[in-house]
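Please look over the structure below together with its sequence. The report after it is meant to be read with both at hand.

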Amino acid sequence: MNDIMNTKLLTKSITFMQALALVVGMIIGSGIFLKPGIVLNNAGTPWMSILAWGVGGIITLASALSVAEIAAAIPKSGGLYTYLSELYGGVFGYLLGWVQAVISYPASVAALAIAFATYSGYFLPLNHWQQKLLAVGILAFILLMNVIATRFGGIIQTVATVGKLIPVAGIVGVGLFSDLAPGFGGISPAAGGAGFGAAVLGTLWAYDGWISVTNMAGEIKNPAKTLPKVISIGVIFVIGVYVLFNIAVFKALPYDQIISSQTPGADAAEALFGSGGGAFITAGIIVSVLGALNGYLMTAARVPQAMGEKRQIPFSRVLSSIHPKFQTPANALIFQSVLAVIYIFSGTFNTLTDLLVFVLWIFFTMGVFGVFILRKKMPPQKGRYRVPLYPFTPILGVAGGVYILASTIMSDPLRSLVGIGITLAGLPIYYVMIRKNRV
């Protein structure tokens, strides 16, 4: 009864545009300004690089369209955690929820808060401790807004997403009409990189983040219809942005400079807009990181809140409760923020997120494959969204996930195994909670 009451208290306050802003805002981070050179180096030529961005986008879209069918059939808060629980069994959902709630999400929030403070140093020089304090300060602001009203978090997300697209649109709008095209001339077929497959792999990391919008299903208006639309439209929009942005960079900078630069986005802005271009892009990155920070904290809290409703986590009643006045998962938001602050001051966030990459992609690939299980358990109903070109679309999405898993374990097997160990360390808590609930 308590679980039902908690669910009812959550208000349907997230609009279509705010959900779409979550999808776009959580995919487009600082990577769009930093990755063109890495992908180009591996692909070998600008056109092969653009093809890599397109192929990575198609694989991502295949995954997104597949998960969208699950989201339409199971429009509940918790996202992938909930889907795995219902399709594969409680223990699989729990293991994902465990690593997301305790490590992955708060560590990502910490990393984004530090990134915000680091890029802010371009305009306001900060020492080590001042950066950490600024990171905690911006996190506290985002936390406060999301506790007061989910609607405020949605507004921040929409404004930040529009804001981050302004410098991107500026570079694309000016760069595409540049007559110089230095990056397309004097190209060597072999750039010395790892090849086209590695280039596609690099783009797949840049397309990550869209699935987190499904965590908010319980607060999205008409989630069964809204989620498939915002996921599909959002991913297609980002594919177009990435391809156009890279073409603009190639038309603004010489080939060798793109390869060697650590910040090709900023260099392209300076080439197109003069000395103020660097500040223009840095401001865009700050807004971009702010939007991603808001999106991650906003969606992260819904995982421990959903786990609390199922009594799968210690202090379940506290974490699952909804604030009586604000009607937000305030305790879960505070829980994620406290862990993020610990990671900010300990400096362990990058190590933790790196350790869990392999494990998280296992669960993600299981999620995409889950559409096959869904079709057996819950045959498609008339009027409900179904993934197009089934079964070829989910097969392509699963193949992309398997490719990332194979590449990850071959490049760093020890880190992958440690990640599995961290995940399995949560099993004792799972069985203790099961026994406690039975009693």
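Predicted model: local features only at pLDDT ≥ 70, side-chain atom pairs only at ≥ 80, totals over all residues.

Residues are numbered from 1 along each chain as its sequence is written, and side-chain values use heavy atoms, with hydrogens and water left out.

**Nonpolar core**

A nonpolar core is taken here as a set of buried Ala, Val, Leu, Ile, Met, Phe, Trp, Tyr and Cys residues joined through side-chain atoms within 4.5 Å, where buried means under 20% relative accessible area, exposed over 50%, and partly exposed in between, with a 1.4 Å probe and protein chains only. The largest such core has 136 residues, and the members that touch the most others are W210, Y242 and F363. The greatest contribution to this core, 17 residues, comes from helix α7 (residues 90-120); helices (H or I, at least four residues) are DSSP runs numbered from the N terminus. With neighbours within four places in sequence set aside, F363 is in contact (heavy atoms within 4.5 Å) with L80, L84, F92, L95, L96, V99 and T423.

**Aromatic rings**

Rings of Phe, Tyr and Trp (its six-membered ring) pair if their centres lie within 6.5 Å, and planes under 30 degrees apart count as stacked, over 60 as edge-to-face and the rest as tilted. There are 14 aromatic pairs in the structure, and two of them are set out here.

| Pair | Centre to centre | Angle between planes | Class |
|---|---|---|---|
| Y94 and Y430 | 4.9 Å | 40° | tilted |
| F273 and F280 | 5.6 Å | 80° | edge-to-face |

Because Y94 lies in helix α7 and Y430 in helix α22 (residues 427-438), their pair ties together parts that are 336 residues apart in sequence. Y94 and Y430 are both buried, whereas F273 is partly exposed at a relative accessible area of 38% and F280 is partly exposed at 31%. Ring pairs also link W53, Y207 and Y242 into a cluster, and Y242 is among the core members that touch the most others. A charge sits over a ring if NZ of Lys or CZ of Arg is within 6 Å of the ring centre and within 35 degrees of the ring normal; R375 lies over the face of Y390 in this way, at 3.8 Å from the ring centre.

**Helix α2**

The buried residues of α2 pack against α9 (150-175), α10 (196-206), α11 (223-252) and α14 (277-300).

T82 lies in helix α6 (residues 80-88) and counts as buried at 3% relative accessibility. Not counting residues up to four places away in sequence, T82 touches I74, K76 and S77.

K377, in helix α19 (residues 357-377), is partly exposed at 49% relative accessibility. Beyond four places in sequence, K377 touches E86 and L87. The C-alpha atoms of K377 and L87 are separated by 8.1 Å, although the two residues are 290 apart along the chain, and the side chain of K377 reaches the backbone oxygen of L87 at 3.1 Å.

Key. Helix = DSSP H or I, 4+ residues; strand = E, 2+ residues; numbered from the N terminus. Polar contact = N/O pair within 3.5 Å; in protein donor to acceptor, adjacent residues only side chain to side chain.
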